[in-house]
Structure formats: C-alpha cells, structure tokens
Amino acid sequence: MKALVWEAARTMNLREEHAPEAAADEILVRVRHAGICGSELSGYLGHNALRVPPLIMGHEFAGEIVDAGSLVPTIRPDLTPGALVTVNPLWDCGLCRSCAAGLNQLCGGRRLLGAHRPGAFAELIAAPAKLALRLPEGMDTRIGALTEPVGCAVRIAELAGDVAEQDCLIIGAGPIGLLSLQMLRLNGAARVFIAEIDEARLAMGDALGGIPLQPRVMDTVDAIMKATEGGVAVSVDAVGTAATREQCVAATRPSGTLVLSGLHEETSAMPVAAMIRSEIVARGCFAYSPANFARALDLLGQGAIRLDPWIQEAPLAEGGQWFERLIKAPGDVSKVLLVPGL
Ligand SMILES: [Zn+2]
Ligand SMILES: [Zn+2]
C-alpha cells in the first residue's frame with residue numbers, strides 16, 4: 001500500500017509499505033479522509049518525544065472497513081466489511097482506575113494510533129475494533145474524520161462547566177479554538193470572545209459567531225476588562241504559551257474557570273498569587289473520554305458543529321507540502337484532510 005512516512009525532521013515521503021493486517025480483535029480500514037493535527041506539526045518538526053521516525057502519522061480519520069479479525073463478529077457484530085467508521089485513536093488498557101471511571105484518555109498505559117503504531121496517512125490502517133464507531137447513516141467520511149478534534153472541544157466545554165448566559169474567552173483560533181467556540185455557544189454562553197493573531201483564522205472565529213480580538217492592535221486583557229465586569233466566567237487557552245496562559249488568568253473574573261488545553265510550551269510561569277486571590281479554578285484538559293468522542297460524532301451528524309468552508313482536501317502524496325504550509329502560513333484553511341484516493 002501507499003503510505004506517507006515521516007522519516008526525519010521536516011522530511012515526509014510517499015512510500016510503498018507492507019499493508020497492515022487486522023489481529024483477531026481488530027478491523028482493517030481503507031482510509032478515505034485523514035486530518036492533519038496540530039500536535040503532528042510539532043512532531044513533524046522533531047519537537048515531540050512521543051513520535052519517533054520512521055512513522056506513519058494520522059489519528060483523525062474515517063474510512064471503510066475492508067476486513068475484520070476472527071473475534072470481531074462476536075465482540076462487535078456491527079463492524080462488517082463495507083461499513084463506514086471513525087476510530088478513537090487513544091488505545092487504552094481498559095482495566096485501570098481511569099478506564100473504569102470512563103476517563104480512558106487518562107489511562108497510564110494509553111497509546112496513540114499514528115504515534116505508537118502506524119496511523120492513517122496510508123491507504124490502510126489496522127485498529128482495535130473496540131475503538132471504532134460507525135458513522136451515522138448518510139454521513140460522509142469527510143465529516144466523520146472531524147470526530148477526533150470535535151471530541152477535544154466537547155471535553156473542553158464539559159470542563160468549562162455551566163456557561164449559560166456567561167461571557168467566555170478563547171485564545172487561539174486553530175481548529176480546537178474554533179470548535180470550542182461553537183461548543184460554548186451551543187451550551188448557551190452569552191458572548192464568546194476569541195483572540196487570534198492570524199487574520200484568516202480570526203475571520204473564521206468571527207464567522208462562527210465569536211467576538212474577534214486582534215492582539216496585534218489591542219491588548220486582549222484590556223479589551224476583556226473594558227467589555228465585561230471584571231473578566232469572563234470561563235477562559236480557554238487553546239495555544240499554550242506562557243503569554244496566553246497569563247492572559248487567560250488575567251482575563252478571568254474572580255472564582256471563574258480557566259481551561260488549559262494548548263500544549264505549546266511544556267512548562268511556563270503562572271501568576272499563581274493572582275489565581276489564589278481570585279480563587280480561579282484552573283483545569284488541565286486532555287483529549288476526550290469515550291463518551292465525549294461519541295457525543296462529537298452525534299453533533300457532527302446533527303450538523304451542529306463544523307469546520308466547513310475551511311476544510312481543504314489534498315492527495316496523500318502532497319501531505320509533506322501541506323505540513324510545511326500549515327507550519328508557515330496556512331491562510332484560509334483550518335483543517336487539511338489527506339485523501340489516499342485523490
Ligand atoms: Zn488530533
Ligand atoms: Zn487504563
């Protein structure tokens with residue numbers, strides 16, 4: 001099969017690889033759409049210990065089942081050849097305290113498809129049957145492939161708590177920021193401010209009902225303080241630098257909540273005394289639970305959440321160029337979906 005192989009920092013090539021085989025409890029999926037994730041951009045640059053070359057990345061995908069292992073008809077009779085599926089790429093142990101609590105994303109033994117085993121930037125991927133979800137009737141794999149990033153936004157909105165009639169701030173209008181904006185609005189937030197330096201992305205936030213803040217022309221915290229009484233009830237950091245983390249603290253009102261999602265910097269100083277004096281609740285937020293993932297697919301099926309018209313489909317062979325473009329200047333594109341069939 002053809003596969004896009006990351007071979008070294010900034011080097012990704014289309015290669016002929018052995019096709020994977022489905023183990024007894026696995027399915028084999030012909031990939032139709034596979035999204036490029038922000039975490040893979042840092043992996044591609046070689047900044048990420050999780051990913052070691054040579055590697056087939058890709059963990060946001062949907063496709064058609066072409067084969068199933070011998071146990072699948074018993075454990076998951078719905079997963080028959082021809083069915084369209086997406087797959088939760090977080091492969092958990094299923095046994096530990098986190099897994100038992102339904103928080104499989106926190107499993108100490110978790111592994112990620114596209115990092116610890118070959119991913120979806122290929123014609124075929126083998127995946128554990130227990131992680132697959134069938135797409136609702138009539139859903140295109142182009143939409144189904146968005147389930148993973150939407151799942152992240154569902155988790156962010158869950159940890160943000162009750163935002164009904166409350167003002168919120170999101171810093172960062174990448175896919176996660178834009179999807180979180182829609183989730184907070186679905187949950188009844190009053191105003192959702194969105195701060196983003198990139199003009200094209202800020203315009204997407206505007207089009208999705210956010211109140212755009214351009215940090216190049218105004219101070220984000222000043223703008224929030226002028227527009228609200230003492231700050232927003234909930235802030236979401238979808239970037240993860242020292243500066244954006246500090247801005248989120250400063251823009252959150254006393255006893256408000258800050259959801260930390262972006263992972264740009266591993267460590268950074270935080271204004272903890274301000275958090276103490278204002279009793280700000282800071283919550284780390286990682287990926288999605290299986291329930292969040294299923295809810296994401298439901299919301300996509302209802303058409304309640306979207307990244308169109310900023311989805312770009314591209315042939316698998318052009319994957320390397322798209323990684324470069326997303327790092328340099330993505331422009332009017334929020335999500336690139338690689339399509340092996342193009
Ligand atoms: Zn992702
Ligand atoms: Zn576990």
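The following legends describe close-up views of a predicted protein model.

Residues are numbered from 1 along each chain as its sequence is written, and chains are lettered from A and ligands numbered from 1 in the order in which they are written. In this predicted model, local features need pLDDT of at least 70 and side-chain atom pairs count only at pLDDT 80 or more, while totals for chains, interfaces and linings use all residues.

**View 1. Confidence along the protein chain.** The mean pLDDT (the predictor's confidence in each residue, from 0 to 100) of the protein chain is 97. A value of 70 or more is reached by 100% of its residues. Helices (H or I, at least four residues) and strands (E, at least two) are DSSP runs, numbered from the N terminus. Confidence is lowest in helix α1 (residues 38-45), with a mean of 94, and highest in strand β10 (residues 168-171), at 99.

**View 2. The open sheet of six strands.** The strand order is β12-β11-β10-β13-β14-β15, and the pairing is parallel. Strands β12 (211-213) and β15 (281-284) form the edges, each pairing on one side only. From one strand to the next, the twist averages 20°. Two strands are taken to pair if DSSP finds at least two bridges between them. Strand β10 is joined to strand β13 (residues 232-237) by four bridges, and the two run parallel. Within this pair, L169 has S235 of β13 as its bridge partner.

**View 3. Packing of helix α5 against helix α11.** Two packed helices are described by the angle between their axes and the distance between the axes. Axes are lines fitted to C-alpha atoms, for helices over the stretch in contact, and angles run from 0 to 180 degrees between N-to-C directions. The axes of α5 (residues 147-160) and α11 (residues 290-302) come within 8 Å and cross at roughly 110°. Helix α5 is therefore roughly perpendicular to α11; angles under 35 degrees count as roughly parallel, over 145 as roughly antiparallel, 65 to 115 as roughly perpendicular and the rest as oblique. The crossing of α5 and α11 is right-handed (left-handed if the near helix is turned anticlockwise from the far one by less than a right angle, right-handed if clockwise). Residues are in contact if their C-beta atoms, placed from the backbone, lie within 7 Å. From α5, T147, V150, G151, V154, R155 and E158 meet N292, F293, R295, A296, L297, L299 and L300 of α11. This contact of α5 with α11 has seven nonpolar, three polar and three charged residues. Ala, Val, Leu, Ile, Met, Phe, Trp, Tyr, Cys and Pro count as nonpolar, Asp, Glu, Lys and Arg as charged, and the others, Gly among them, as polar.

**View 4. Packing of helix α5 against helix α6.** Helix α5 packs against α6 (residues 175-186) at an angle of about 50°, with the axes 8 Å apart. The angle makes α5 oblique to α6. Helix α5 passes α6 in a right-handed crossing. On the α5 side, the contact is made by P149, V150, C152, A153, V154, I156, A157 and A160, and on the α6 side by P175, I176, L179, S180, M183 and L184. By class, 13 residues of the contact between α5 and α6 are nonpolar, one is polar and none is charged.

**View 5. Packing of helix α8 against helix α9.** An angle of about 15° and an axis separation of 9 Å describe the packing of α8 (residues 220-227) and α9 (residues 242-251). The two helices α8 and α9 are therefore roughly parallel to each other. Helix α8 passes α9 in a right-handed crossing. T220, V221 and I224 of α8 meet Q247, A250 and A251 of α9.

View 6. Most residues other than glycine have a negative phi, and most peptide bonds are trans. The peptide bond from P53 to P54 is cis, with omega near -5°; P54 is found in the loop between α1 and β4 (60-68). Another cis peptide bond joins D308 and P309, with omega about 5°, and P309 is placed in the loop between α11 and β16 (311-315). E165, although not a glycine, has a positive phi of about 60° and is found in the loop between α5 and β10.

Methods:
Two residues are in contact if their C-beta atoms, placed from the backbone, lie within 7 Å.
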